[in-house]
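Good morning, colleagues. Please turn to the model on the screen, and I shall take you through several of its parts.

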Amino acid sequence: MTATSLLRRHAVDTRPMQIPPYRRLLLGQGTAFIGSMLTQVAVPVQVYAISGSSLYVGLVGLAGLLPIVIFGLYGGAIADAVDRRRLFVASSVGAWVVTLALLAQTLLNLSLVVVQSAMFAVSSSTRGAIIPRIVPTDLVPAANTLNYTVGTFGGVVGPLLAGVVVSLNHGFAYAYAIDAALFLAALYTALRLPAIPPDGSLGRPGLRSVIDGLRFIAARPVLIMSFGVDIVAMVLAMPRALYPEVADERFHGTVGPLYAAIAIGSLLAGMWSGWIGRVSRQGVALTVAVAAWGASVAIAGLAHQLWLAVLLLAVAGAADLVSAVYRQTILQTYAPDEMRGRMQGVFIAVVAGGPRLGDLRAGAMGAATTATISWVGGGIACVAVVIVAALAVPSFWRYSTHATNR
């Protein structure tokens, strides 16, 4: 096999970029994500600077949990009943306005985090349901990989930039201002999407439609496990709330690289992700990826050199990209279109809510014991729980892209 053919086989699959609506959505969201990562770093660092407590940093994550769960679920139901483009535009505008409010709040309290989380949940649920409508089914894994790769690029640049910006005078205000400016790219791409009307099978969205979506998941062990393994990974092994304290104790306050490390690994993995779409035993692959995440996080918690901690977190990030692509692809291809909005709503509630519970778990455990015990113990627990759970659900362990039972 020549070097050229090897590169084509393993490099990221860019075929979805040939679809104009998807290309605009990808680039716009990728640009906006750099700004959003500035805010995601600035808020906890600002809280730690004020309080000096990892517990309070964890409580910031908890503040965003309830709106993500509620608006993720309800936003997904709305996405199944209305034109997804219009809903995406409206929720994106709402998120942008809240970012401006965070800037104003810094220039002149925690409540805005709740509203921002709600807008994020609705727009993310809608965006996930849009992709299978504008991209052919066989390219959905490649499209998801591109999404996560571009997103992780923002996850690298945003935290590194934030680490510099928040150290300046009025740095938190600068961070929120940059976020607001970059978010204009997301608004532009949302406006350029084609109309994506519902199929008409769902009437007015409400609590009943949300419950129907949850029942759909409850009857399918594969979907339950796809959500379950992510909850395990994020709640037990997400060390993010401990970054400010660990950086202060071990790395002379240098926190930016820690926030960027996971995204660095995901970005590098995404650039060499051509093989992901060719794996058929996705249940096994997902289990291995989550176990690798937990193990890498646990070892990183023992590192007392910044470069080593960043390297190990990068390995965890590479595993996280693989698991994220499989989770998203299973969900998008397993559910019919009339259920995709609600499935994405649950997905966002889990994906965005899980790390917030993880922040609370890590911060509270770190405050009760030590940051090291909280960090390392969570990673070890993640590995043990995910392996036992996967082996206990044979249909998930055997799940492959050729499965026909729905």
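A residue is called buried under 20% relative accessible area, exposed over 50%, and partly exposed in between, with a 1.4 Å probe and protein chains only. By that rule histidine 252 is exposed, because its relative accessible area is 80%.

A word on the source. This is a predicted model, in which local features need pLDDT of at least 70 and side-chain atom pairs count only at pLDDT 80 or more, while totals for chains, interfaces and linings use all residues. Residues are numbered from 1 along each chain as its sequence is written, and side-chain values use heavy atoms, with hydrogens and water left out.

Histidine 252 is found in the loop between α11 (243–250) and α12; helices here are DSSP runs of H or I, at least four residues long, numbered from the N terminus. The phi angle of histidine 252 is near 55°, a positive value in a residue other than glycine.

The loop between α12 (256–271) and α13 holds tryptophan 272. Tryptophan 272 counts as partly exposed because its relative accessible area is 48%.

I turn now to a pair of helices. The axes of α13 (residues 282–300) and α16 (residues 371–392) come within 7 Å and cross at roughly 165°; axes are lines fitted to C-alpha atoms over the stretch in contact, with angles running from 0 to 180 degrees between N-to-C directions. The two helices are therefore roughly antiparallel, a term for angles over 145 degrees. Which residues of α13 and α16 meet? Among them are Thr287, Val290 and Trp293 in α13, and Trp375, Gly379 and Val383 in α16, where contact means heavy atoms within 4.5 Å. By class, this contact has 15 nonpolar, 3 polar and no charged residues; Ala, Val, Leu, Ile, Met, Phe, Trp, Tyr, Cys and Pro count as nonpolar, Asp, Glu, Lys and Arg as charged, and the others, Gly among them, as polar.

Serine 323 lies in helix α14 (residues 306–334). Is serine 323 buried or exposed? Serine 323 is buried, because its relative accessible area is 4%. Leaving aside neighbours within four places in sequence, serine 323 is in contact with Leu286, Ala289 and Val290.

Finally, the buried residues of α7 include Phe172, Tyr176 and Asp179.

Methods. Parallel < 35°, antiparallel > 145°, perpendicular 65-115°, else oblique.
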